[in-house]
Amino acid sequence: MPLDQDQRIALARRHAQAESDADVEATLATMEPDPAYYFYPAGRKFTGMANTRRFYEGFVKHFKPRIRDVVFHGEAVSEAGSFQEYTIALECDDGVVRRYRILGILVFGDKALAGERMYADEALFRLLAGPMWDELEPA
């Protein structure tokens with residue numbers, strides 16, 4: 001049976017909390033078996049649970065330690081997903097802290113999250129995807 005709206009919202013919050021806690025297993029537990037992640041306007045994507053695991057393991061190990069500040073701007077929820085907008089300050093490879101604005105949409109599936117669509121600067125996505133960047137497919 002598909003999730004109702006309250007269950008979807010609770011799921012999105014569990015996912016966000018698991019990401020914040022750097023808990024890869026708890027994050028993956030919120031996902032459908034074959035998630036899809038899209039990066040716009042860069043026009044790149046990855047799919048599948050193996051790639052999603054790899055993405056979150058890299059997120060925890062390489063990306064999260066770069067985060068210096070996060071400013072949450074707002075959230076909206078529809079039957080399609082949970083929309084979150086924020087600015088993230090990251091320490092880049094050159095040691096400079098840069099701020100990036102991002103809109104992330106957690107896409108609801110029937111029983112869990114089907115993936116995410118993110119809108120931000122390509123420079124942020126290159127840091128976020130790390131070594132996966134060159135392997136991403138065209139979206």
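1. The pocket. The largest pocket of this predicted model has a volume of about 560 Å³. Its lining is made up of 23 residues, and those that lie nearest the centre are Glu19, Phe59, Val70, Gln84 and Tyr86.

2. Where the lining comes from.

3. The length of H1. Helix H1 has 16 residues, and the distance from its first C-alpha to its last is 23 Å, which is close to the 22 Å expected at 1.5 Å a residue.

4. Which residues of H1 are buried? They are Arg8, Leu11, Ala12, His15 and Ala18, and because they cover an arc of only 130° around the axis, they lie on the same side of H1. An α-helix has 3.6 residues a turn, so residues three or four places apart point the same way. On the other side of H1, by contrast, Asp6 and Arg13 are exposed.

5. What H1 packs against. The buried residues of H1 pack against helix H2 (24-28), strand E1 (31-40) and helix H3, and also against the strands E4, E5 and E6.

6. The length and sides of H3. The 15 residues of H3 should span 21 Å at 1.5 Å a residue, and its end C-alpha atoms are 19 Å apart, which agrees. Buried in this helix are Thr52, Phe55, Tyr56, Phe59 and Phe63; because their arc around the axis is only 90°, these residues fall on the same side of H3. The face turned away from that buried side carries Ala50 and Lys61, which are exposed. Phe59, buried in H3, is also one of the residues that lie nearest the centre of the largest pocket.

7. Gln17 has its place in helix H1 and counts as partly exposed, because its relative accessibility is 43%. Between Gln17 and Thr27 there are 10 residues in sequence and 8.3 Å in space, C-alpha to C-alpha. The loop between H1 and H2 holds Asp21, which counts as partly exposed at 49% relative accessibility. The C-alpha atoms of Asp21 and Val60 are separated by 9.2 Å, although these residues are 39 residues apart along the chain.

8. Backbone details to check by eye. Ala22, in the loop between H1 and H2, has a positive phi of about 60° although it is not a glycine. With a relative accessible area of 29%, Ala22 is partly exposed. A second detail is the cis peptide bond that joins Tyr40 and Pro41, where omega is about 0°; Pro41 lies in the loop between E1 and strand E2 (44-47).

9. Glu79. Leaving aside residues up to four places away in sequence, Glu79 touches Gln5, Arg8 and Phe108. Arg8 is one of the buried residues of H1, while Phe108 is 29 residues from Glu79 in sequence and 7.4 Å from it in space, C-alpha to C-alpha.

10. Arg68. This residue is found in strand E3 and counts as partly exposed at 43% relative accessibility. When residues up to four places away in sequence are not counted, Arg68 touches Ala89, Glu91 and Val97. Arg68 and Gly130, which are 62 residues apart in sequence, are 18 Å apart in space, C-alpha to C-alpha.

Note on methods
Residues numbered from 1 in each chain as written. Predicted model: local features only at pLDDT ≥ 70, side-chain atom pairs only at ≥ 80, totals over all residues. Heavy atoms only, no water. 1 Å grid on protein atoms, 1.4 Å probe; cavity = no way out; pocket = protein on both sides within 12 Å on 5 of 7 lines; lining within 4 Å. Points joined across faces, edges and corners; volume = space filled by probe spheres on them. Helix = DSSP H or I, 4+ residues; strand = E, 2+ residues; numbered from the N terminus. Expected span 1.5 Å × (residues − 1). Buried < 20%, exposed > 50% of the residue type's maximum accessible area, 1.4 Å probe, protein only. Arc of directions from axis to C-beta. Contact = heavy atoms within 4.5 Å.
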